[in-house]
Amino acid sequence: MSAVATNLWTIPLFVIIPIITAILLNLLYNKSRTIKVIAIASSIVLFVLALISPYGFQWFTGQPGVTPGGTYTFDASIFSYRLSLEYYFGGLQQILITIMSLLLVFVVFLSASSLRKNIGPYIALIFLLFMSSAIIIMVNDFYHLWIGVEMGSLLLAGVVAASGESISQKAALKYTFFSALSGAGMAIALAMILGVTGYSNITNAIQYIMSDNLSSLSGVLYIAFGFFVLSWIYAGGLAPIHPLKSDVYGSAFPHATVMLQTQSKLMIVAMGLIILRLFGTLPFAREVMLSVSVLTMIMGVTMALIQTDLRWTLAYLVVAHSGLVTLGISLGTVQGITGGLFQAVNDIVYMSVLLICCEAVMYFGKGTSIKTVGGIAKRAPWLALAVVIGAFAASGVPPFNGFQSEIILIQASLSSGLPEVAAIVLMVSVTTFIALFKPIYNIFLKPDNSPIAMEGDAGAGIATMAMVQPTSPVPKSIYLFLAILIAIIIVLGVYPQLALGFVQDTAIKVVYFPWVP
Amino acid sequence: MVMLFPMMGGEITPIVVGFAIGFLFGTQVYSNVSRRTVVMIICLCIVGASLFQAPVFTWSLIGGYITDGLSFAAPFISATIGILLGWAVRGGK
Amino acid sequence: MEMKELRGSRGVLAAVALLIIFIGVTVAFVQLNGNVARGISPEYNRLAHLQQPNSLSAWVYDWRGFDTLIETGVIYVGAVVSVLVIGRGLVRMKQVEGEEPVPQTSLDLKIGSVNAILKYFIFPLVILLAAYGILIVTGAATSGGGGFQCGVVVASAYLIGAVFFGKKNPLNFRRKFLIAIGSFGWALYALLGLPGYLVTGYWQYNVGTDLWSSIAGFPAQIPSILHTIFGDPYRLALVLKGGTFYSTAGIVPLINIGEAFNVIGAICLIFLVFIYGWSDTEEAKA
């Protein structure tokens, strides 16, 4: 391994730029125009940074590593105990942060133009949401991971409660109660790992666990594993607490859900990989994770089937598809992890397409329930096309990206000797298709038969004709965002190696060199 | 031994910083108490400062150090004065 | 959740789960007893006195300065979110008519029963507590305590004022003032990393103390001007037995001030909105 930068310049900026932007936006409070300019400029800067950044470490506060000989080193490739807090930015981090910052640009634009009243604090929270997710995916330190998770759940509650409606405030409050368990569970796990190893740096802790005979302390490790998995379940909204997370997704504004589901995927991936690296050698560890994943998938799609509102269907599907991501990770093989990480990338993109379409449906002013809206395809045909493509991608239809990752997951489960898991993945794909096409048919394709529309049809004058075919309320910017995301969907579907190149490296490291971040 | 010089930067800076922060918070004070209460605050503040003693590593009169048993927390006094002054200048009744 | 929901099978389930967790944690801690690995901590202990006289500050603001930056953020976010739930910054969608948020009214404080003599002493107490908080933050580089403690002490002064005087709180922080100092505090903390970042590439590098620029592999030398700016104002004379030893805590005292401002702003703001409520029209008048 060649010498890697330990002071990579981009890493602190992913944290500091959102912080400063958030502080500014919070202070600006109701000056919408200034807020919009600053927020969009800053999110574009973050996107460009993520795109051009090289790989490396950041040893915050510039404290060196201590070699076993007692000397100090600033070389990451030399074995050393880290005095400083460590972040790592590699391929996995790059692709996830790049996509997240691209979505941040869209979400900031959408929220700044579609919301009224004092938007400063709300957009500030969205920026901090980006920051906490970036921290969680880059960090190589237990305590800091914990702080990122705590902050993430607090921010999630804030973003959801911001609409001021009683349903969203209730969901936010409930989630805050239970996510406190996530933080507390992780804190107990950390206390035990720290007690066993004495290192808060993940790399050092794993090296210690692997090199020392800890058979007398295996009970402690099991308990720590239990709490870590508990925290993983709560942070990621996996079964059996998935209803809480779906409540949150369903009651937030759809554009906010784009960020929330991205954050949740990043948390699942980061924490899942750390659990695998740290406890992968414990018997039953993978089985526990696998059963959680399977439960999440089955419960998520089942709940999605019975929803009558597009928002809620998507809320449950997001949870179900989190199960696909964790399934790949918990298989624990290179192929499985690659599939899981690739699934995370794809999932973030196609769910964003669907959620942005859902937001666009809300612009028609009749909500998103299949009972109240209809005939959208007539007024916004391109929107209908986008939602259909999103639905195809989500159900794993070629040539879209969902197909590529799901086929890897199926192959990985088959080669791990788990054909029943492969069958469940297939079932999730098919059920996703069914669950999505019920609301899509009703909202987009079925003619609008609400009383107002009927009245318009009855009128014959030219003036009423104009009312029958009013201009679509969907702004052009939404079509631009959808086009970019659909382009990503198709490119990844046709040429998956583009994304696989980023994630494969991480998968190999997790399996063969778990101590390397 | 009373040491006036060398007066270390570390001794005078906390006093200035304490005064400045105190002044800032003083501008937010709204009260209509009598002059006697203000005198009482200053007296209590000096008693308090002698109880807190001078900060560690303070070795000169400016920092509030007189002898081993007797010293004053100068930043505490300056912060109180800062609050009272800020109240007098920008605060309200 | 009401207590009656915990009766029946759910309650039994919850009790069993708690019992399992309790046994697990107890067993783990019993196993750990006497087997705790020291890991990296001896190294920290060996270096702490070179960093600054107050070991706690060395840990919190120097070794793990960036970690504490994000922790500080948790407090800031806590304040923003609490205030948002009460009413500051609730948003509505332009196109969608939703239900209007419930207006929040202030708490009904009954202060008539408070003894007049007691009230007479509360005003000096509030002022002195605030001054005590400031004393803590100015001495943070040398003695125990620091930004968090200062913030909490000043916030308690504010709360005492609110409890005894109701709406006529002597420490009458305005909403905009609190939001401003909270934001200033976190921004100051975050931006104090900038000098170290520009010179060495390591964020939050302590340019005033500068322990490591002589080690091989360190990217840059610290210009003496940065030493002077960030080191000297808080330079301390540590008199050791063998002679006089000069030390400086570098940017740590400044970080403490930022931290204190953030905590004061955040916690007082939470108290303020929970006691007095939030209303945009009142805010516009002030």
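Hi everyone. A contact here means heavy atoms within 4.5 Å. With that in hand, let me start with chain B, where residues 24 or more positions apart account for 72% of the contacts with a separation of 6 or more.

A word on conventions. This is a predicted model, so local features need pLDDT of at least 70 and side-chain atom pairs count only at pLDDT 80 or more, while totals for chains, interfaces and linings use all residues. Residues are numbered from 1 along each chain as its sequence is written, chains are lettered from A and ligands numbered from 1 in the order in which they are written, and side-chain values use heavy atoms, with hydrogens and water left out.

Back to chain B. It has 3 helices and 0 strands, and along the sequence that reads α-α-α. Helices and strands are DSSP runs numbered from the N terminus (helices: H or I, at least four residues; strands: E, at least two). The C-alpha atoms of chain B fill a box of roughly 45 × 25 × 15 Å along the principal axes. Of its 93 residues, 45% count as buried; buried is under 20% relative accessible area, exposed is over 50%, and partly exposed lies in between, using a 1.4 Å probe and protein chains only. The accessible surface of chain B is about 4,700 Å², with 72% of that belonging to carbon and sulfur atoms. That area comes from the Shrake-Rupley method with a 1.4 Å probe.

How do the chains meet? Chains A and B do not touch, and their nearest C-alpha atoms are 19 Å apart.

pLDDT is the predictor's confidence in each residue, from 0 to 100. Chain A has a mean of 90, and 95% of its residues reach 70 or more. Please be careful with residues 454-468 of chain A, though: pLDDT stays under 50 there, and the model has 5 contacts beyond four places in sequence for that stretch.

Next, strand β5 of chain A, residues 86-89. Are its faces covered or open? Both are covered: Glu86(A) and Tyr88(A) on one side, Tyr87(A) and Phe89(A) on the other, are all buried. Strand β1 of chain A, residues 56-59, runs antiparallel to β5(A), joined to it by 4 bridges; two strands pair if DSSP finds at least two bridges between them. Within that pairing, Trp59(A) stands opposite Glu86(A).

Side chains of opposite charge can pair when their charged atoms come close. A salt bridge here is a side-chain nitrogen of Lys or Arg within 4 Å of a carboxyl oxygen of Asp or Glu, and the structure holds 6 of them over all chains. One joins Arg82(A) to Glu86(A), with the closest N and O atoms 2.6 Å apart, and both residues are buried.

Another pairs Asp347(A) with Lys265(A), at 2.6 Å from N to O. This one links distant parts of the chain, 82 residues apart: Asp347(A) sits in helix α13 (residues 334-362) and Lys265(A) in helix α10 (residues 254-279). Asp347(A) is buried at 0% relative accessibility, and Lys265(A) is buried at 1%.

Arg92(C) is buried, at 4%, whereas Glu165(A) is partly exposed, at 22%. There is also a network of salt bridges linking Asp141(A), Arg64(C) and Asp67(C).
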